[in-house]
Amino acid sequence: MSAVNLLGEDLFLWNEYRTGNADAFGALIRVHYSDLFHYGTRFTRDAELVKDCLQDLFLELWINRETISETSFVKYYLLKALRRKLTRKIGRSRYTGSWEELHFESLFSGSYPVENNAIREEGLPELTKKMRHAVSGLSKRQQEVVYLRYYVDADIEEIAEIMSVNRQSVYNLLHESLKKLKKLSGKASRFFLFLPLI
Amino acid sequence: MADEFNSMEDLAFSRSFRNWVLNKDAAERGFWENWIARNPDKADLVKYAKAMIYALHTDTTVLSADEIDEEVRKALVRLKEAPRYIPLDGPRGRTGWWAGLARGRRFWFAAAATAALGFGGFFIYQAHSHRDVFRAFLSNYKKEAVRQEVTDAIDDHAFNLPDGSLVRLGKSGKLYFPAEWARSPARREVFLRGEAYFDIRKNLSAPFYVYTDQVIIKALGTSFIIRSIPSDSWTTITMVTGKVSVYRQEDFYAHSPVGHAPEGMILTPNQEGVYDQGEDRLHRTLVGTPEQLGVQQDTSLCFEARPVREVFGRLQEMYGIPIQYDEEAAGCPVTVTLGDESFYDKLNIICKAIRGSYEVIDGNIVVTMPGCK
């Protein structure tokens with residue numbers, strides 16, 4: 001989804017942005033835009049709403065640049081800020097007016113590429129179907145953790161930061177999710193039971 | 001290298017493996033085909049990891065590079081037109097309509113309201129027992145921009161104020177402060193609704209004031225927690241380090257002679273101030289579990305036939321909590337060993353040794369003891 005190791009460049013751009021360099025800020029949001037957009041559209045199908053939220057987020061970041069802290073995890077900072085923003089925009093219950101937990105909605109709902117040539121391997125289409133079924137059986141929070149781990153390459157600590165929960169809960173959510181995905185068939189679970197012995 | 005991939009997720013979460021699965025012509029191809037040939041025992045792992053990758057595949061809107069460029073351009077245009085502060089959108093509720101009025105029209109609105117209400121309006125205002133501190137705070141910054149930090153119901157948020165002080169704003173909190181602080185301001189001021197931890201950067205020439213709906217707190221360089229929830233009829237101030245003064249509105253806004261500070265209550269570490277709106281009074285007490293000041297050192301303390309005064313002196317030093325006792329008995333020798341017990345457990349140990357007792361009065365420990373022997 002995005003280039004792998006941008007830490008050094010990210011940090012440089014971030015620090016430049018904090019001193020008021022608009023070009024650096026532009027470069028920074030260019031680098032992270034597609035990840036942010038993709039993550040945002042996990043919470044709502046309304047792509048325009050996500051774009052608007054991002055525009056507002058960028059503006060706020062710009063205005064507050066002098067008071068924004070130094071961070072070595074720019075991308076995760078941005079993801080967290082977007083999540084916060086989306087919560088404010090769409091997380092408010094229409095009925096009670098109170099804030100609700102943001103729901104990770106349309107995760108992994110795309111049609112899976114079974115027809116794809118790449119997946120012609122024996123048994124793989126069936127396994128993929130089962131896996132997809134298992135994924136959709138995960139709780140919203142479990143799905144979000146898997147998503148952040150898979151698509152954003154975030155580690156436990158970074159996921160905890162983005163979702164504003166503690167590390168232990170992230171660890172548990174991820175562990176439970178993977179356990180469910182591995183339990184697809186009797187064969188699979190037996191196979192994985194022996195894994196630690198290898 | 002091969003040892004690093006021992007589970008389905010090791011493979012599925014590897015960007016390189018994923019690239020190869022989704023794009024057979026990826027640069028990683030050689031490596032993975034080789035790896036699989038060398039690790040026939042992991043064929044099942046590979047299969048499951050592939051299934052996981054396909055299952056996690058999403059085909060939602062992917063923006064083209066042009067579309068992203070367009071969004072970035074839009075953002076940069078907006079930056080140029082950006083105001084230098086976030087306009088105060090006014091909290092909903094009693095001040096919302098007021099803050100919402102355009103600044104220029106506010107005066108005429110107030111003037112018209114006064115004219116309409118006449119003296120009746122004046123008396124209504126007086127009868128309202130509490131000043132609107134928020135409005136008073138805002139009126140000080142009519143010309144300057146006021147910024148607000150807001151947290152939602154599931155998140156807290158830590159940030160630095162322009163002077164470098166740290167604030168951790170609790171859930172559903174709001175903090176208002178001038179967008180720009182003078183280089184050497186006469187005073188630093190913020191307005192808080194909700195709960196927040198403050199770590200104030202020391203600046204003796206510019207006292208730091210936290211205004212809340214019920215009380216005003218003045219600090220120099222300290223850290224403390226304020227809990228001022230709009231629906232609560234009380235406000236608490238919990239000291240962590242240093243010293244603050246807490247004022248009731250009435251005392252704070254009372255016309256005091258020049259050079260005289262208003263009458264307030266001083267709080268020191270491990271003390272807690274509670275303002276009760278019903279009684280309109282400030283109380284001072286101790287926090288539930290007093291913490292040792294500074295770095296926890298090796299806390300084992302042995303006193304062998306030392307004067308009680310010395311034991312209490314040490315305890316007071318460790319926790320910053322004033323301990324009062326009868327001077328006549330202060331020289332009595334006592335033998336105690338104190339370890340890493342809590343503050344109150346330490347007190348109990350000492351009191352047992354001197355056959356005394358203690359009470360918490362006004363944020364102090366008051367010890368009663370019978371005298372020597």
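The following conversation concerns two places in a predicted model.

User: What kind of model is this, and how are residues and chains labelled?
Analyst: This is a predicted model, in which local features need pLDDT of at least 70, side-chain atom pairs count only at pLDDT 80 or more, and totals for chains, interfaces and linings use all residues. Residues are numbered from 1 along each chain as its sequence is written, while chains are lettered from A and ligands numbered from 1 in the order in which they are written.

User: Which residues of α11(B) are buried?
Analyst: They are B:Lys346, B:Leu347, B:Ile350 and B:Ile354; buried means 20 or more other C-beta atoms within 10 Å of the residue's own, exposed means 12 or fewer, and partly exposed lies in between, with C-beta atoms placed from the backbone.

User: What follows α11(B)?
Analyst: B:Arg355 follows α11(B), and its phi is positive, near 55°.

User: Turning to chain A, at what angle do α6(A) and α7(A) cross?
Analyst: The axes of α6(A), residues 140-151, and α7(A), residues 156-163, cross at roughly 125° and come within 10 Å; axes are lines fitted to C-alpha atoms, for helices over the stretch in contact, and angles run from 0 to 180 degrees between N-to-C directions.

User: Which residues make the contact?
Analyst: A:Glu144, A:Val145, A:Leu148 and A:Arg149 of α6(A) meet A:Ile159, A:Ile162 and A:Met163 of α7(A), contact being C-beta atoms, placed from the backbone, within 7 Å.

Key:
Helices (H or I, at least four residues) and strands (E, at least two) are DSSP runs, numbered from the N terminus. Two residues are in contact if their C-beta atoms, placed from the backbone, lie within 7 Å.
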